[in-house]
Amino acid sequence: MRTIKSINSLKRELKIIKSKNQTIGFVPTMGAFHKGHLSLMRNARRDNDIVIVSIFVNPTQFGPKEDFEKYPRQIKIDELFAKKEKVDIIFYPSAKEIYKDCHLTYVNVTNISKVLCGRSRPNHFEGVTTIVSKLINITEPDVMYLGQKDAQQAVIIKTMVKDLNFNVAIKICPIVREKDGLAMSSRNSYLSQKHRQEAPCLYKSLKEAKKMILAGNTNSKSILSWVASNIKNNSSGIIDYTECINADTLMPISRIKGRAMIALAVKFRKTRLIDNILFHLK
Ligand code: AMP
């Protein structure tokens with residue numbers, strides 16, 4: 001495994017890879033690896049000749065009052081994890097390498113970047129789609145691996161890839177959870193002990209809601225009001241949103257049918273957790 005920091009060195013490596021007609025699986029990350037990241041690498045390893053993982057804490061996707069400075073950075077530990085997953089290349093650029101002076105171009109997927117998490121994080125998805133566009137152009141992958149954990153991000157990136165004719169397939173991998181159900185996240189390490197104990201109630205609420213839906217209650221309003229009160233009764237988290245949405249378009253639905261999702265964001269002090277559950281109703 002090699003860690004490459006410059007775009008030019010990576011491009012030299014890609015020339016050799018492409019000349020051998022080898023396929024490239026690409027996993028974009030911000031590092032601080034947990035089992036969620038590792039599952040994406042494992043999928044990429046299974047499907048491709050070469051696996052590239054990027055580690056870049058992307059400044060343009062953080063709001064001014066968000067956790068860019070304190071976001072966990074642990075390149076040495078991440079390298080060990082990636083090596084174990086038989087990753088071929090870690091692309092680990094500096095912010096200067098990615099955003100040269102006078103960087104003026106941003107990629108914006110309209111409408112769906114403004115709903116759900118986009119309401120409380122106004123420029124977040126523009127930062128995400130800008131960096132992912134750049135990383136696709138830099139790493140030239142055949143397949144890109146994303147997590148269902150960031151469901152809105154996955155739909156936005158799929159839309160961008162389709163709308164801008166990027167030549168890359170996308171695979172969405174299932175959410176990896178802690179034993180108690182909490183979705184793994186690099187931000188879980190910010191939680192106090194008390195909040196860490198309360199946080200599994202998010203997934204418990206989603207699971208219960210899915211049961212109620214599959215048992216015949218397809219009224220979004222009643223399901224969401226149950227989810228909200230269950231979270232309030234079992235934690236001190238402040239709900240940012242709970243929504244029933246179409247899983248492909250992210251648009252809210254009042255009567256649950258087809259491929260649908262309940263998505264939520266809840267704040268424990270400054271730590272904002274997101275989670276979701278998918279279901280398919282005929
Ligand atoms: P991040 O480093 O947080 O930007 O995440 C990099 C990729 O890992 C994204 O595609 C995430 O959706 C995915 N990911 C993060 N957490 C999980 C998880 N618990 N299960 C599956 N994928 C995840």
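Helix H2 gives the largest share of the shell around the ligand, three residues. Here helices (H or I, at least four residues) and strands (E, at least two) are DSSP runs, numbered from the N terminus. This is a predicted model, where local features need pLDDT of at least 70, side-chain atom pairs count only at pLDDT 80 or more, and totals for chains, interfaces and linings use all residues. Residues are numbered from 1 along each chain as its sequence is written, and side-chain values use heavy atoms, with hydrogens and water left out.

On to who sits around the ligand. There are 17 residues around it, and Met30, His37, Asp150, Val176 and Met184 come nearest (a residue is near if one of its heavy atoms lies within 4 Å). By class, the shell has nine nonpolar, six polar and two charged residues; Asp, Glu, Lys and Arg count as charged, Ala, Val, Leu, Ile, Met, Phe, Trp, Tyr, Cys and Pro as nonpolar, and the others, Gly among them, as polar.

| Residue atom | Ligand atom | Distance |
|---|---|---|
| His37, polar side-chain atom | oxygen | 2.8 Å |
| Val176, polar backbone atom | nitrogen | 2.9 Å |
| Met184, polar backbone atom | nitrogen | 2.9 Å |

The protein covers 93% of the 490 Å² of accessible area that the ligand has on its own (Shrake-Rupley method, 1.4 Å probe). Strand E2 (24–29), helix H2 (35–47) and strand E5 (143–147) are the elements giving two or more residues to the shell.

Key:
Polar contact = N/O pair within 3.5 Å; in protein donor to acceptor, adjacent residues only side chain to side chain.
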